[in-house]
Amino acid sequence: MLGMGVPEIGLILVVALLLFGPEKLPELAKQAAGFVRTVRRMADNAKNDLGREMGEDFSDLNLRDLDPREIVRRNFLDDDTTPAATKETRILRPGERPPFDSEAT
């Protein structure tokens, strides 16, 4: 969770206990949980509205596919989904001309 382990979470709980005291801590935890629920509900509503506005053509669209990091990972990094033809490279011999694609220029 956000790169935090058990020691970090424990330290946060101890500091919160010292700052707010044991009598206010349950109420603050309840307010924090309500805030998280509200934010999740708002995100789900925004996602549903976006899907409804875009129409059925984009109904199978996953929002993670639009993440630039995911696009780079999927298209440029070497993984098993890359076709074998694009993986193999051949070193040109001296004097050999590289392949030329007239449609690409």
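A: One begins with the helices and strands, which are DSSP runs numbered from the N terminus (helices are H or I with at least four residues, strands are E with at least two). The protein chain here contains 4 helices and 0 strands, and along the sequence they follow the pattern α-α-α-α. This is a predicted model, in which local features need pLDDT of at least 70 and side-chain atom pairs count only at pLDDT 80 or more, while totals for chains, interfaces and linings use all residues. Residues are numbered from 1 along each chain as its sequence is written, and side-chain values use heavy atoms, with hydrogens and water left out.

Q: What pLDDT does the protein chain average, and in which helix is confidence lowest?

A: The term pLDDT denotes the predictor's confidence in each residue, from 0 to 100. The protein chain averages 81, and 85% of its residues score at least 70. Confidence is highest in α2, at a mean of 89, and lowest in helix α4 (residues 84–87), at 52. Where pLDDT is low, the predicted coordinates should not be read in detail.

Q: How many Å should helix α2 span?

A: The expected span of a helix is 1.5 Å times one less than its number of residues. Helix α2 (residues 25–54) has 30 residues and should therefore span 44 Å; its end C-alpha atoms are 43 Å apart, which agrees.

Q: Which residues follow α1 and α2 with a positive phi?

A: Gly-21 follows α1, with a positive phi near 85 degrees. Just after α2 comes Gly-55, whose positive phi is about 90 degrees.

Q: What percentage of the residues count as buried?

A: A residue is buried under 20% relative accessible area, exposed over 50%, and partly exposed in between (1.4 Å probe, protein chains only). Of the 105 residues of the protein chain, 2% count as buried. Accessible areas come from the Shrake-Rupley method with a 1.4 Å probe; for residues, only the protein chains shown count as cover. The protein chain exposes about 10200 Å², of which carbon and sulfur atoms supply 60%.

Q: How many salt bridges are there, and where are they?

A: Side chains of opposite charge can pair when their charged atoms come close. A salt bridge is counted when a side-chain nitrogen of Lys or Arg lies within 4 Å of a carboxyl oxygen of Asp or Glu. The count here is 3. Arg-52 meets Asp-49 at 2.9 Å, N to O; the two are 3 residues apart in helix α2, about one helical turn. Arg-52 is exposed at 58% relative accessibility, whereas Asp-49 is partly exposed at 37%.

Arg-73 pairs with Glu-70, their closest N and O atoms being 2.8 Å apart. These residues are also 3 residues apart, in helix α3 (residues 68–75), and hence about one helical turn from each other. An α-helix has 3.6 residues a turn, so residues three or four places apart point the same way. Arg-69 forms a salt bridge with Asp-67, with 3.2 Å between the closest N and O atoms.

Q: Which residues form a nonpolar patch on the surface?

A: Patches are made of residues with over 30% relative accessible area and no salt bridge: like charges are joined within 9 Å, and nonpolar side chains (Val, Leu, Ile, Met, Phe, Trp, Tyr) within 5 Å. Leu-50, Met-54, Phe-58, Leu-61, Leu-63 and Leu-66 form a nonpolar patch with about 490 Å² of accessible area together. Among them, Leu-50 lies in helix α2 and is partly exposed, at 38% relative accessibility.
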